[in-house]
Amino acid sequence: MSAEDATRDLKVMLGDPRTAVLAMSGPLIVSFLVVQINSFADTTWCSLLGLDPSSAVSTISPVYWIVSGLGASIGVGAATAIARRLGRGEKADADSLAVQTMVVSVIISLVATPILWLAQDPLIYMMGADDVRDLCREYIDPIVLGTLPMVINGVVSGILRSEGAAKHSTAMLLVAAVLNIVLDPILMFGLDMGLAGAGWATTIATVISTCVGLWWYARGSMYLSMSFRGFRPRLDLIKEVLFVGIPRATETTLISLMSMIQRIFVIACGGTLGAALYNIPWRRSSPRRSDLR
């Protein structure tokens with residue numbers, strides 16, 4: 001894609017409200033679908049390892065939703081702020097917003113990673129899933145370690161949406177989903193990594209997807225340009241992004257926490273196997289009655 005094509009995409013988005021709505025909302029919907037597809041793929045392959053691994057993935061999956069939700073939320077804030085500036089013809093401020101958002105996303109990721117790492121055991125204990133604690137950690141540790149690329153992935157997707165590059169944003173997100181599906185069996189069974197393979201597949205797929213999006217900007221083929229030379233923080237621009245991003249991230253986190261609270265009651269009634277049955281009703285075979293005792 002050339003810079004002229006990128007400019008054409010922006011003009012089309014600014015000139016047609018219907019196109020603008022689709023360009024902003026379509027890839028965002030795809031981003032949420034990708035999260036669910038990744039979770040579905042991980043759960044499907046992990047089911048081949050047995051009931052305990054399936055239970056572990058089902059139990060700890062809200063942590064993955066929190067990680068992915070951070071990036072998507074900041075991306076929504078960035079897309080809103082940048083699109084507003086582009087609509088007013090303020091390209092310099094739009095470029096600066098993109099850079100400021102990238103730096104903020106890195107800082108948030110570096111802060112969130114140790115917090116999520118230390119919170120895992122208390123969360124597992126809170127849900128009553130001590131019997132699959134090691135399996136939960138085996139799956140979620142690679143994802144928590146990949147918080148930085150996952151957050152940046154959502155941010156780059158949001159920046160692409162802001163300039164009307166809906167096809168690019170969607171393509172980047174689909175790369176993550178397809179790679180995750182392909183890497184799952186290779187790492188889990190081919191390299192005999194088990195549950196850790198599922199976690200690393202998600203992280204590696206996200207890293208590659210993020211690199212694809214950053215490469216488009218690095219080669220200068222998009223309308224916006226991101227240069228970190230002489231970077232200085234601008235609180236007015238950062239506040240503009242976080243004004244939308246923080247409420248969205250809070251909503252996503254609260255939904256995930258409510259899901260964990262639901263698991264407390266599910267696990268109390270049916271054990272960690274109950275959590276698996278609660279989350280994956282599409283399993284082909286039902287457990288024997290003796291397994292539920």
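**Helix packing and a nonpolar surface patch**

Trp 200 lies in helix 8. Helices here are DSSP runs of H or I with at least four residues, numbered from the N terminus. The model is predicted, so local features need pLDDT of at least 70, side-chain atom pairs count only at pLDDT 80 or more, and totals for chains, interfaces and linings use all residues. Residues are numbered from 1 along each chain as its sequence is written, and side-chain values use heavy atoms, without hydrogens and water.

Helix 4 (91-127) and helix 8 (195-218) each supply at least two of the patch residues. Helix 8 gives the largest share, three residues.

Two packed helices are described by the angle between their axes and the distance between the axes. Axes are lines fitted to C-alpha atoms over the stretch in contact, and angles run from 0 to 180 degrees between N-to-C directions. Helix 3 and helix 4 pack at about 165°, with axes 10 Å apart. That makes helix 3 roughly antiparallel to helix 4 (an angle over 145 degrees). Their crossing is right-handed (the near helix is turned clockwise from the far one by less than a right angle).

The axes of helix 3 (residues 51-87) and helix 6 (residues 147-162) come within 7 Å and cross at roughly 30°. That makes helix 3 roughly parallel to helix 6 (an angle under 35 degrees). This crossing of helix 3 and helix 6 is right-handed.

Methods. Parallel < 35°, antiparallel > 145°, perpendicular 65-115°, else oblique.
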